[in-house]
Amino acid sequence: MAQLARVIAMVLMSNIVPLSAQVVTKPDSTSRPRIILVELFTSEGCSSCPPADKLLREIDGTEPVAGQLIVGISEHVTYWNSLGWSDPFSSSTYTDRQNGYGTRFGLESVYTPQMVVNGTEQFVGSDRNSLTNAIRKEQNRTATVDLHILSSSFSGGALTVNFSAMADASLHGADIFAVLADDADQSTVLNGENAGRTLSHVAVARSIVHVAKLRAVAQQTVEIALPASFHKTPGHHLILFAQAPGSGRVLGADFTPL
């Protein structure tokens, strides 16, 4: 009996695979949540913006329903900078992007705070009811571009990103944008409308660049130049999204920590 027990033990041990040798299969794309992209155009020089910044912090990274994930982008515009406080996170890139939405939505002028949900709805960024309604509308739509970040790696002053993007041929030519963002930021405002306040932000864009067009080939590799203000330390993430031309609908998106 003792000999039999030793034989059984040896057989069982031979079938145990060390954890380090096990193959972990990544979940397929159908198991990944669909992203609803919420852009907030804001400024530290605007006294109406902190409530909108707070609202974005509350919703960023949440799942309003199963299979839906809200990903925010805080885009700090420049036109408040001459009114007492120069926003350290501002860039003309975000001002230009907001102007594109202004043209697309037929606005007389751009304003802060402004939220844009998936490129389809725009409203005052602190308006919780409008945000809820816009997200509810997007929940009933399906992503038309299956976009997936496959890998990302730093090399010198650039980030190399390999991604896949698949869609119906009618959508080929859509724009693909990459966003380098800080997970969170905070600053003490010394002058202007928010003088004396310490403001907190989430998903602060450090750069938004057009990196590719949606093509018939599924996989593409792009290099994204790192802005001078971007430091290769924990606390950043990459957002990739496909958008119809002319500041149109966001067709699909993905993100990954950096």
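Modeller: Strands (E, at least two residues) and helices (H or I, at least four) are DSSP runs numbered from the N terminus, and two strands pair if DSSP finds at least two bridges between them. This is a predicted model, in which local features need pLDDT of at least 70 and side-chain atom pairs pLDDT 80 or more, while totals for chains, interfaces and linings use all residues. Residues are numbered from 1 along each chain as its sequence is written, and side-chain values use heavy atoms, without hydrogens and water.

Three strands form an open sheet in the order E5-E6-E9, with antiparallel pairing. Its edges are E5 (145-155) and E9 (219-225), each of which pairs on one side only. From one strand to the next, the twist averages 25°, an angle between N-to-C axes fitted to C-alpha atoms, on a scale from 0 to 180 degrees. E5 and E6 (residues 158-167) are joined by ten bridges; His148 has Ser164 in E6 as its bridge partner.

The whole structure holds four aromatic pairs (ring centres within 6.5 Å; planes under 30 degrees apart are stacked, over 60 edge-to-face, the rest tilted). The centres of Phe41 and Tyr101 are 6.0 Å apart and their planes meet at 70°, so this pair is edge-to-face. Phe41, at 0% relative accessibility, is buried (under 20%; exposed is over 50%, partly exposed in between, with a 1.4 Å probe and protein chains only).

Phe154 belongs to E5, whereas Phe230 lies in the loop between E9 and strand E10 (236-243), 76 residues apart. Phe154 is partly exposed at 33%, but Phe230 is buried at 6%.
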